[in-house]
Amino acid sequence: MKLPRTVAGWTMAVFGVLALVMGAVGLLWPEAMLRSLGFEVPATRAPGDHTGTFLLASSMASFNMGVYYLLATATEWRAFYRFTVVFRLVTFTVFSIAVLADIAPGRFFGVAAWEGAGAVATALGLWWDARRAGSDGGAAPAGDAASAAVDRGAGDGSGAGGTAPTVDAVR
């Protein structure tokens, strides 16, 4: 896998690697994951306690999300970057409310903070990359002319240079 070409790409790569690792930890060592989040780990579980099943599902989702983020980084899929900013802020809000409403332990706020900080970091990376691309005559952040054309809307068949493309190309 090649290294990210943009600041926003680096933020996505870091989150992707961490999501992949945390998912793997949850799958291989669920007790460690529960303890790290501030949840109790009883010696035995009562009948009908599906904590393990839920953790398995959450860990698998985290593992898969890590793969998706790394794929988006490898292809510099900027539409996905923008999409994640919005939904990571939604996640921050929901998780914060869960802690404030005593639905989740206080330590779980760390997950909310991570999501919020990641969203802000990616948003700032997108802003920085766009600013940097604009300051050097529209060239893409790492000299990729095709990325710059797609980000500016050129080559989308509309003949309207400077308009936003309807979709980003996956390369």
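The legends below describe close-up views of a predicted model. Residues are numbered from 1 along each chain as its sequence is written, and side-chain values use heavy atoms, with hydrogens and water left out. Local features need pLDDT of at least 70 and side-chain atom pairs count only at pLDDT 80 or more, while totals for chains, interfaces and linings use all residues.

View 1. The volume of the largest pocket is about 890 Å³. A pocket is an open set of points on a 1 Å grid over the protein atoms alone, where a 1.4 Å probe fits, with protein on both sides within 12 Å along at least five of seven lines; lining residues have an atom within 4 Å of a point. The volume is the space filled by probe spheres set on the points, which are joined across faces, edges and corners. Of the 29 lining residues, Leu37, Ser62, Phe95, Phe108 and Val111 lie nearest the centre of the pocket. H3 gives the most to this lining, with nine residues. Helices here are DSSP runs (H or I, at least four residues), numbered from the N terminus. By class, the lining has 18 nonpolar, eight polar and three charged residues. Ala, Val, Leu, Ile, Met, Phe, Trp, Tyr, Cys and Pro count as nonpolar, Asp, Glu, Lys and Arg as charged, and the others, Gly among them, as polar.

View 2. Threonine 6 is found in the segment before H1 and counts as buried at 5% relative accessibility. Buried means under 20% relative accessible area, and exposed over 50% (1.4 Å probe, protein chains only). The side chain of threonine 6 makes a polar contact with the side chain of aspartate 129, at 3.4 Å. Such a contact is a pair of N or O atoms within 3.5 Å; within protein, one must be able to donate a hydrogen and the other to accept it, and residues adjacent in sequence count only if both atoms are side-chain atoms. Asp129 is one of the buried residues of H5, which also include Ala112 and Ala133.

**View 3. Two residues with positive phi.** Most residues other than glycine have a negative phi. Glutamate 76, which is not a glycine, has a positive phi of about 50°. Glutamate 76 is in the loop between H3 and H4 and is buried, with a relative accessible area of 4%. Aspartate 102, also not a glycine, has a positive phi of about 60°. Aspartate 102 lies in the loop between H4 and H5 and counts as exposed at 68% relative accessibility.
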